[in-house]
Amino acid sequence: SKTISKCYVQVTGMTCASCVANIERNLRREDGIHSILVALMAGKAEVRYNPAVIHPAAIAELIRELGFGATVMENCGEGDGILELVVRGMTCASCVHKIESTLMKTNGVLYCSVALATNKAHIKYDPEAIGPRDVIQVIKDLGFTTSLVKKDRSASHLDHKQEIRQWKRSFVVSLVFCIPVMGLMIYMMVMDSQLSHAHAHHNMSSEEMEALHSSMVLEYQLLPGLSVMNFLSFLLCVPVQVFGGWHFYIQASRALRHNTANMDVLVVLATSIAFLYSFIILLVAMAERAKVNPVTFFDTPPMLFVFISLGRWLEHVAKGKTSEALARLISLQATEATIVTLGPDNVLLSEEQVDVELVQRGDIVKVVPGGKFPVDGRVIEGHSMVDESLITGEAMPVTKKPGSTVIAGSINQNGSLLISATHVGADTTLSQIVKLVEEAQTSKAPIQQFADKLSGYFVPFIVAVSVVTLFAWIIIGFVDFEIVEKYFLVSKSL
């Protein structure tokens, strides 16, 4: 066995199980090839060969001759099994050393690391030579109890319900307070246009205009410098700033802590500055007991928050829909498998229920009618119909007889089957589908990456321009105030 090497070939152009069977059947006939195992979804073939007779490039060439694309994969570590275990009963560093050294001496174990503090063991192994149950047995023989690290099968990381709820709440709060603010604003605009219309037609003096203006209900001063309009706008703006903008503030602070500036920072800056500026101007007007009401921007934060939180809410609803499909896929996986030991003439000697992660390649698994197939495999004994609609979309049940291939996650219907496991754990078709969908969800479109990169420069640029503008006008105001009056004090021209 020392002369046998292993290589992985990336195969493209396979469409169904018959392509897999075709490649396996033809390559097994070739000299120097011991065994070949093809995974359809992963598009990968694992070949064990005799390097004295044949080399990986020639194997890829043989697959190409069958009409498929084939390239030899350099990183051979992809086929290594990875096992995460909880080990109980370790007391000191010598226990750790005992487990590590014994495992490293075991044939098929490539790497092993045991942490005393967390009671965890991380093991890499060659699935051809050894399996997870053998590794667990070695540790048990040393006198320790061990169990698998329980994987989260509920797919809770795909759940967007909480985000959907919080953005919906943020949107509703902003909307409730935004509608009256918009109402006030529209009322003021209409009244202003009517006044300027009256002024143009009836040749009123500025004093009469001021008198008319202040006679409006909203311009009535509750306190010197504090009009009804400004007071109502302030009252409506505070809850939006606190409840509507809560998540924006949290995310902006996180971004700033990591020295990045995203869109949340910009939203928070825009709303906070509008709110604080208006609030300070009001305080100043009240302190000076001003006769003319100051111009405030309390209408900006509610309107900004309404539109942005609506966008975030819709975005999470869309994400939730995609994730739901993935969560359903994950739930198709069987959790347990019945492993059997066969005697001569396929007589059942014993059977045991094990966790699906403990099934090893080459194990004989029994699947009863109504049961799910825990792993991909080949039927050795039994006849049955299998419902594969969840994976292949094939509506009619498929007949399975000795030699047929079965897919993990499909449902056995009427006969008991014995199958030999060919792909286990992360190599099964279902795991590969889940992995592909997850990758598609996490990978960003090129335009999205560009937008993210751009916003990294955009936010600091906008802030810098704003600060420069502010200081420019302050300096102009100190040097020559007439310029400011000329451009900003419109009431003078009325």
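1. The chain is divided into five stretches: domain 1 (5-73), domain 2 (82-148), domain 3 (156-325), domain 4 (335-436) and domain 5 (446-493). These bounds come from an automatic or database domain assignment. Taken over C-alpha atoms, the centres of domain 1 and domain 5 are separated by 64 Å.

2. A word on the ground rules. This is a predicted model, in which local features need pLDDT of at least 70 and side-chain atom pairs count only at pLDDT 80 or more, while totals for chains, interfaces and linings use all residues. Residues are numbered from 1 along each chain as its sequence is written, and side-chain values use heavy atoms, with hydrogens and water left out.

3. Next, the annotated repeats. The UniProt annotation "domain: HMA", from an unreviewed entry, covers residues 5-71 and 81-147; such annotations may be inferred rather than shown by experiment. Residues 5-71 are 33% helix and 36% strand, with end C-alpha atoms 17 Å apart. For residues 81-147 the figures are 34% helix and 36% strand, with end C-alpha atoms 17 Å apart. Helices (H or I, at least four residues) and strands (E, at least two) are DSSP runs, numbered from the N terminus.

4. Now look inside. The largest nonpolar core has 37 residues, and those with the most contacts inside it are L85, L103, I123, I139 and V359. Among the elements that each supply at least two residues of this core are β5 (81-88), α3 (93-105) and β11 (336-342). Domain 2 (82-148) and domain 4 (335-436) both contribute residues, so the core lies between them. A second, separate core of 21 residues includes L27, I33, V38 and I63. Here a nonpolar core is a set of buried Ala, Val, Leu, Ile, Met, Phe, Trp, Tyr and Cys residues joined through side-chain atoms within 4.5 Å. Buried means under 20% relative accessible area, exposed over 50%, and partly exposed in between (1.4 Å probe, protein chains only).

5. N119 sits in the loop between β6 and β7, and its 19% relative accessibility is why N119 counts as buried. Leaving out residues up to four places away in sequence, N119 touches L85, V86, V87, R88 and M90, where contact means heavy atoms within 4.5 Å.

6. N50 is another loop residue, between β3 (44-49) and α2 (56-65). The C-alpha atoms of N50 and I33 are 17 residues apart along the chain and separated by 6.4 Å. With residues up to four places away in sequence not counted, N50 touches T3, G32 and H34.

7. On to the strands. An open sheet of six strands runs in the order β12-β11-β13-β19-β14-β17, with antiparallel pairing. β12 (348-355) and β17 (405-406) stand at the edges with a single partner strand each, so one side of each has no neighbour in the sheet. Four bridges join β13 to β19; two strands pair if DSSP finds at least two bridges between them. V365 stands opposite I419 in β19.

8. Finally, the helical part. UniProt (unreviewed entry) lists residues 171-190, 222-244, 265-286, 292-314 and 457-479 under "transmembrane region". Residues 171-190 are 100% helix and 0% strand, whereas residues 292-314 are 65% helix and 0% strand. Helix α9 (residues 263-287) has 25 residues and should span 36 Å at 1.5 Å a residue, which agrees with its end C-alpha atoms being 36 Å apart. That expected span is 1.5 Å times one less than the number of residues. Buried residues in α9 include V265, L266, F275 and L282. Just after α9, R289 takes a positive phi of about 50°.
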